[in-house]
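Subject: Structure for your files

Dear colleague,

Here is the structure I promised to pass on. My notes on what was found in it follow below.

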Amino acid sequence: MSFLLSIPPIVLVAVGGLVGFLVWWLASRRQLAKLAGLECPHCGAPYGRSAAVAARRQRRAAIGRYRTWHPGSRIDPEAEWILACPACAATGHFSPQAGKVVGGSA
Ligand SMILES: [Zn+2]
């Protein structure tokens with residue numbers, strides 16, 4: 001343990017931040033891959049990566065708005081991922097709790 005004391009605290013903070021970022025980045029990548037592999041409940045076509053990226057951008061914006069309205073809250077647990085099908089343009093709602101796309105209307 002004594003070698004840890006010889007490391008400047010700023011280095012420990014930087015390493016901790018880097019590890020945190022890597023964990024977040026890997027989880028984010030896995031989430032995108034999962035979204036991209038989901039199938040549209042309307043026509044059965046896979047959503048693909050671009051729809052997943054768009055859904056993530058939309059959800060982040062929704063979380064940003066929620067934080068503006070509810071300072072101190074972390075995220076809106078009800079916030080859904082809205083996926084637009086590239087094949088039939090139907091809108092699907094991904095439920096993280098259910099792990100699947102629910103709804104889906106043209
Ligand atoms: Zn579709």
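**The hairpin**

In strand 2, Thr-91 is the bridge partner of Ala-84. This is a predicted model, in which local features need pLDDT of at least 70 and side-chain atom pairs count only at pLDDT 80 or more, while totals for chains, interfaces and linings use all residues. Residues are numbered from 1 along each chain as its sequence is written.

Another bridge into strand 2 joins Leu-83 to Gly-92. Strand 1 and strand 2 pair in the antiparallel sense over four bridges; two strands count as paired if DSSP finds at least two bridges between them. Helices (H or I, at least four residues) and strands (E, at least two) are DSSP runs, numbered from the N terminus.

The two strands form a hairpin with six residues between them. Ala-89 lies in this loop, between strand 1 (81–84) and strand 2 (91–95). Its phi is positive, about 65°, although Ala-89 is not a glycine. Ala-89 is exposed, because 11 other C-beta atoms lie within 10 Å. The cut-offs are these: a residue is buried if 20 or more other C-beta atoms lie within 10 Å of its own, exposed if 12 or fewer, and partly exposed in between, with C-beta atoms placed from the backbone.

In strand 1 the covered face is Trp-81 and Leu-83, and the uncovered one is Ile-82 and Ala-84. In strand 2, Gly-92 and Phe-94 are on the covered face, with Thr-91, His-93 and Ser-95 on the uncovered one.

**Overall layout**

The protein has three helices and three strands, and from the N terminus on the elements run α-α-α-β-β-β. Its radius of gyration is 19 Å, well over the 13 Å that the globule rule gives for 106 residues, so the protein is more spread out than a compact globule. The radius is taken over C-alpha atoms, and the rule is 2.2 Å times the number of residues to the power 0.38. Along the principal axes, the C-alpha atoms fill a box of roughly 60 × 30 × 20 Å. Of the 106 residues, 12% count as buried. Among contacts between residues at least 6 apart in sequence, 44% join residues at least 24 apart, a contact being two residues whose C-beta atoms, placed from the backbone, lie within 7 Å.

**Core and helix 3**

The largest nonpolar core has 12 residues: Leu-35, Leu-38, Cys-40, Tyr-47, Ala-51, Ala-52, Ala-55, Trp-81, Leu-83, Cys-85, Phe-94 and Val-101. Such a core is a set of buried Ala, Val, Leu, Ile, Met, Phe, Trp, Tyr and Cys residues joined through C-beta atoms within 7 Å. The elements that give two or more residues to this core are helix 3 (48–69) and strand 1. Helix 3 gives the most, with three residues.

The 22 residues of helix 3 should span 32 Å at 1.5 Å a residue, and its end C-alpha atoms are 32 Å apart, which agrees. The expected span of a helix is 1.5 Å times one less than its number of residues.

Which residues of helix 3 are buried? They are Ala-51, Ala-52 and Ala-55. Seen down the helix axis, these buried residues fall within an arc of 95°, so they line one face of helix 3; the arc is that of the directions from the helix axis to the C-beta atoms. Their cover includes helix 2 (9–37), strand 1 and strand 2. On the other side of helix 3, Ser-50, Arg-57, Arg-60, Ala-61, Gly-64, Arg-65 and Thr-68 are exposed.

**Helix 2**

Helix 2 has 29 residues and reaches 42 Å from its first C-alpha to its last, close to the 42 Å expected at 1.5 Å a residue. Helix 2 is hardly covered, with one buried residue among its 29.

Val-13 is found in helix 2 and counts as exposed, because it has 10 C-beta neighbours inside 10 Å. Between Val-13 and Phe-94 there are 35 Å in space, C-alpha to C-alpha, and the two are 81 residues apart in sequence. Gln-31 also sits in helix 2; with 16 C-beta neighbours inside 10 Å, Gln-31 counts as partly exposed. Gln-31 and Arg-56 are 25 residues apart in sequence, and their C-alpha atoms are 9.3 Å apart in space.

Regards
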